[in-house]
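This report looks at how the parts of one protein chain are arranged and how they meet. Please keep the sequence and the structure in view while reading.

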Amino acid sequence: MFKKKLEIIFLTMTILSVAVLSYNWYQSHLFDSSPIPDEYRQLIVEKESEVLQRMQRHYGFALNIPLIITDELPGKSYGVTAYDNGQISIYLNKKAMRESLQYILDDVIAHEYAHALMFKRGSFVQKSDGHSAKWQKVCQDLGGSRCDRYVNHDDVVMGKMPF
Ligand SMILES: [Zn+2]
């Protein structure tokens, strides 16, 4: 009798776990396969314009470069700044947004614009300039939080993106 009860409990738990997993998978699949929600886009645009206003105030100009939301970046990357033949572009990872939108808003947008500004001013010459002291200052001026936390992060691409 006791054994039977255990079996039922175990079976119920298994069914529940499968249900939860399937639901999570479904939600994440739904998010990945739909366009980015309007409210996300709105928050990103607002943050971008705040960063650009800070750039104008601190550096006397505001970069006009594409900010591209894509699901082609690898899952662990939040954002990338690419420099290809004089054209600077910023990519944000759509796949990271469902879990980490707030982090992208607070940290990543200013972070990537700081890389873009370094390119624009010719301060980025080699990979090790990526998160230099100069870059940190720009990142802070642009309102990024935790600009000192990035030491070895591969988010600067010279040349074409692989997609
Ligand atoms: Zn970086």
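Helices are DSSP runs of H or I with at least four residues, and they are numbered from the N terminus. Helix α2, in this predicted model, covers residues 38-59 and holds both Lys-47 and Glu-50, which lie 3 residues apart, about one turn of the helix. The side chains of Lys-47 and Glu-50 meet in a salt bridge, with 3.4 Å from N to O, and the structure holds 6 salt bridges.

The domain assignment divides the protein into domain 1, residues 1-34, and domain 2, residues 36-158. In the contact of these domains, 7 residues come from domain 1 and 8 residues from domain 2. The values that describe how the two domains are placed and joined are set out below.

| Domain 1 and domain 2 | Value |
|---|---|
| Separation of centres, over C-alpha atoms | 39 Å |
| Area buried between them | about 520 Å² |
| Share of that area from carbon and sulfur atoms | 58% |
| Salt bridges between them | 0 |
| Residue pairs in polar contact, both at pLDDT 80 or more | 1 |

Terms used
Residues are numbered from 1 along each chain as its sequence is written. This is a predicted model: local features need pLDDT of at least 70, side-chain atom pairs count only at pLDDT 80 or more; totals for chains, interfaces and linings use all residues. Side-chain values use heavy atoms; hydrogens and water are left out. Domain bounds come from an automatic or database domain assignment. Contact means heavy atoms within 4.5 Å. Buried area is the accessible area (1.4 Å probe) that two parts lose on being put together, summed over both. A salt bridge is a side-chain nitrogen of Lys or Arg within 4 Å of a carboxyl oxygen of Asp or Glu. A polar contact is a pair of N or O atoms within 3.5 Å; within protein, one must be able to donate a hydrogen and the other to accept it, and residues adjacent in sequence count only if both atoms are side-chain atoms. Helices (H or I, at least four residues) and strands (E, at least two) are DSSP runs, numbered from the N terminus.
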